[in-house]
Amino acid sequence: MLTIVVVLAVVLILAVLFTAYRITTLVDVVKKKKNEGYSPVSKNNGLQGVYLVIFLITGVALFFYFSITESDVYNLPIASEHGVIVENLFSITMWVTVFVFIVTQVFLFGFGWKYRYKKENKAAYYPHNNTLEVVWTFVPALVLAWLIISGLKQWNNITGPVPEGAEVVEVMGYQYAWAFRYPGKDKELGNYNFRMIDAINAVGIDMGDQNGYDDFMATQLVIPKGKPVHLQIRGRDVIHSVYNPHFRIQMNAVPGMPTRFWFTPTVSTAEMREQTKNPDFNYELVCNKICGKGHYSMRGIVTVLEQDEYNTWYQENQQNTFLKQNPGYLSKVPENLKEAARIASGIENIKQKQQVTSILSGFK
Ligand SMILES: [Cu+2]
């Protein structure tokens with residue numbers, strides 16, 4: 001009962017308000033008809049039309065001015081194979097959108113000026129045009145489909161099957177740094193287990209998996225030139241993003257959902273230093289997600305080496321396996337794998353051991 005009363009009251013109040021509004025409008029119309037100088041728009045209507053045109057011309061001029069003067073900032077030299085294709089896709093998309101942008105802005109602001117209120121103007125009645133409908137549905141649909149399909153092709157390529165012999169590196173983003181894990185001598189990354197993550201075991205190397213005993217960690221991403229590099233990406237706390245503009249690469253690092261892609265660097269750090277005439281140049285691996293208050297400090301360094309330099313670097317670093325650096329973690333290795341872990345990690349030198357056993361057996 002109460003609900004009905006409330007609803008009725010609301011309806012009645014609305015009806016009263018509406019009637020009052022109608023009456024005032026009608027009174028206004030009657031009053032204004034008597035007033036000859038009446039205009040439905042404000043006095044500076046013409047001036048506002050001119051403002052629109054000034055805004056259009058200044059906006060478009062500044063858009064081109066900044067695009068041209070700042071082009072060095074966003075047209076960084078390309079340093080990967082697929083970067084050339086990405087750049088091409090980007091340019092085509094850019095030109096298509098620039099064209100559409102200019103045309104729509106001219107219509108938007110130009111028509112605002114052209115069709116500004118004039119007493120003698122009368123609106124034309126133009127309700128429908130089939131040809132126009134078909135053209136502005138199909139042309140954008142075709143252009144967008146083509147842009148998306150050509151982008152998808154490239155996406156499928158870099159996230160698709162990895163070419164044989166690719167270098168594998170695990171990249172772990174966390175608040176606020178990157179951790180890099182290399183597969184070590186066996187070129188096979190060990191499993192990980194998020195329960196194993198702690199202050200030292202940054203990526204959570206699973207001590208139950210034999211492939212992980214020779215894995216080693218690096219403070220920067222070192223990769224060879226001219227060889228496919230497969231990045232296996234993880235996030236530890238929030239979403240981060242692996243980004244480098246020179247390689248034209250970017251991929252989110254998502255907790256609980258490993259991501260990956262592969263690419264082939266084509267310009268070494270040394271070559272890029274020459275090309276940019278900057279002896280301090282370094283490729284950067286930056287986080288492209290605002291991931292927290294320390295986001296700015298997620299600036300990693302990527303070093304691209306010639307293949308032989310890379311081999312030397314790898315051989316030197318594969319001695320420093322995670323387990324050898326942190327032998328305390330041996331206690332987490334299952335009993336039956338401890339011997340294998342000691343040997344694979346280099347804690348125990350297998351050759352020395354063989355020598356000792358053969359010498360000992362000689363005494364028998
Ligand atoms: Cu981050």
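Me: What distance separates the centres of domain 1 and domain 2, taken over C-alpha atoms?

Reply: This is a predicted model, in which local features need pLDDT of at least 70, side-chain atom pairs count only at pLDDT 80 or more, and totals for chains, interfaces and linings use all residues. Residues are numbered from 1 along each chain as its sequence is written. The domain assignment of the protein chain, where bounds come from an automatic or database assignment, gives domain 1 (45-116 + 133-159) and domain 2 (167-344). Taken over C-alpha atoms, their centres are separated by 37 Å.

Me: Which helix gives the most to the side of domain 1 that touches domain 2?

Reply: The contact (C-beta atoms, placed from the backbone, within 7 Å) takes 12 residues from domain 1 and 15 residues from domain 2. Helix 4 and helix 5 (130-159) each supply at least two residues of the domain 1 side; helices are DSSP runs of H or I with at least four residues, and strands are runs of E with at least two, numbered from the N terminus. With five residues, the most is given by helix 4.

Me: How are helix 2 and helix 4 oriented to each other, roughly parallel or roughly antiparallel?

Reply: The axes of helix 2 (residues 45-69) and helix 4 (residues 81-114) come within 7 Å and cross at roughly 160°. Axes are lines fitted to C-alpha atoms, for helices over the stretch in contact, and angles run from 0 to 180 degrees between N-to-C directions. Angles over 145 degrees count as roughly antiparallel, so helix 2 relative to helix 4 is roughly antiparallel.

Me: Which strands stand at the edges of the open sheet of five strands?

Reply: The strand order is 4-10-9-6-7, with mixed pairing, where two strands pair if DSSP finds at least two bridges between them. Each edge strand has a single partner strand, so one side of each is left without a neighbour in the sheet. The edges are strand 4 (221-224) and strand 7 (249-253).

Me: Which residue in strand 9 is the bridge partner of Val-242?

Reply: Strand 6 (residues 240-244) and strand 9 (residues 283-287) run antiparallel and are joined by two bridges. In strand 9, the partner of Val-242 is Cys-287.

How values were computed: Parallel < 35°, antiparallel > 145°, perpendicular 65-115°, else oblique. Contact = placed C-beta atoms within 7 Å.
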